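Have the sequence and the 3D view ready.

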Amino acid sequence: MLARMEPDGRTFDRTTILGNLERIRAGIAAACERSGRDPGAVRIVAAAKTVPPEPIHWVVQAGAIDVGENYVGELSAKHDAVPGARWHFIGTLQSGTAHKVAELAEVVETLSAPRATARLARRAAEGGRRIKALLEIDFTGARSGLAPSDAASAADAAAAASGIELVGLMTLPPFDPDPEHARRYFARLAELAADLRRDHSGLRELSMGMSLDYEVAVEEGATMVRIGTTLFGDRPHRH
């Protein structure tokens, strides 16, 4: 099927979505050229909240195999319906559902709460899995995530846990229509990662940047950019 309409009125068109994907790839390539980076070092994580399986399958078939989900219910519902996807959990990790995330996700980008992290690691280890994980850092004091001052101790704890492999850091800057205003937060995450790398050499991933500001994030060293609206179109408003 080349296009489909959802009950909420949205229409997903294959040609449009694949055109969006190519424009995003071109934007990443341009940002890499400006900053002297290899475009192959940057992965698109297709942020698929509220997006049905078929459009996700289109982008996976086009080589964008990393798919991010915010909610455990959506991750569970879509997991087996999109073959070939590498699933990232990008929502708030909670102790009550961490066991399900451990069964379904290959990458968890939002480690922060010690109890949820411990449960994720334990359940993954029990299942014979080792999940790649990133610490979520909050520079604003108003979002979920770790304060930068707590990052070192959290990294030590995560690195010592069986069942997870600490590979990087993630952050969300404050919303601002001017993407340049996000640059300092991305730069701070890169600096923090460089500091932590002295004790954790495998900490190479920087997940930062979304639809509005991904080119700025790439210029500042992002290795993963989480893109939803620019790829799949606007999400329905919640009332």
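Lining the second largest pocket you'll find Leu111, Ser112, Pro114, Thr117, Ala118, Leu135, Leu146, Ala154, Ala157, Ala158 and Ala161. Before going on, a word on the model: it is predicted, so local features need pLDDT of at least 70 and side-chain atom pairs count only at pLDDT 80 or more, while totals for chains, interfaces and linings use all residues. Residues are numbered from 1 along each chain as its sequence is written, and side-chain values use heavy atoms, with hydrogens and water left out.

What's a pocket here? On a 1 Å grid over the protein atoms alone, a pocket is an open set of points with protein on both sides within 12 Å along at least five of seven lines; a cavity is a set where a 1.4 Å probe fits but cannot get out, and lining residues have an atom within 4 Å of a point. Points are joined across faces, edges and corners, and a volume is the space filled by probe spheres set on them.

Back to that second largest pocket: its volume is about 160 Å³. Helix 5 (114-126) and helix 6 (151-160) each supply at least two lining residues; helices are DSSP runs of H or I with at least four residues, strands are E runs of at least two, and both are numbered from the N terminus. Its lining has 9 nonpolar, 2 polar and no charged residues (Ala, Val, Leu, Ile, Met, Phe, Trp, Tyr, Cys and Pro count as nonpolar, Asp, Glu, Lys and Arg as charged, and the others, Gly among them, as polar).

Now for the largest pocket, with about 680 Å³ of space. It is lined by 28 residues, and the closest to its centre are Arg143, Leu172, Met210, Arg226 and Arg235. This lining splits into 12 nonpolar, 8 polar and 8 charged residues.

Next, find Glu136 in strand 7 (residues 131-137). Is Glu136 buried or exposed? Glu136 is buried and has no salt bridge, and Arg143, the nearest side chain of opposite charge, is 6.9 Å away. Buried means under 20% relative accessible area (1.4 Å probe, protein chains only), and a salt bridge puts a side-chain nitrogen of Lys or Arg within 4 Å of a carboxyl oxygen of Asp or Glu. Lys and Arg count as positive, Asp and Glu as negative; His and the chain ends aren't counted.

Key:
Buried means under 20% relative accessible area, exposed over 50%, partly exposed in between (1.4 Å probe, protein chains only).
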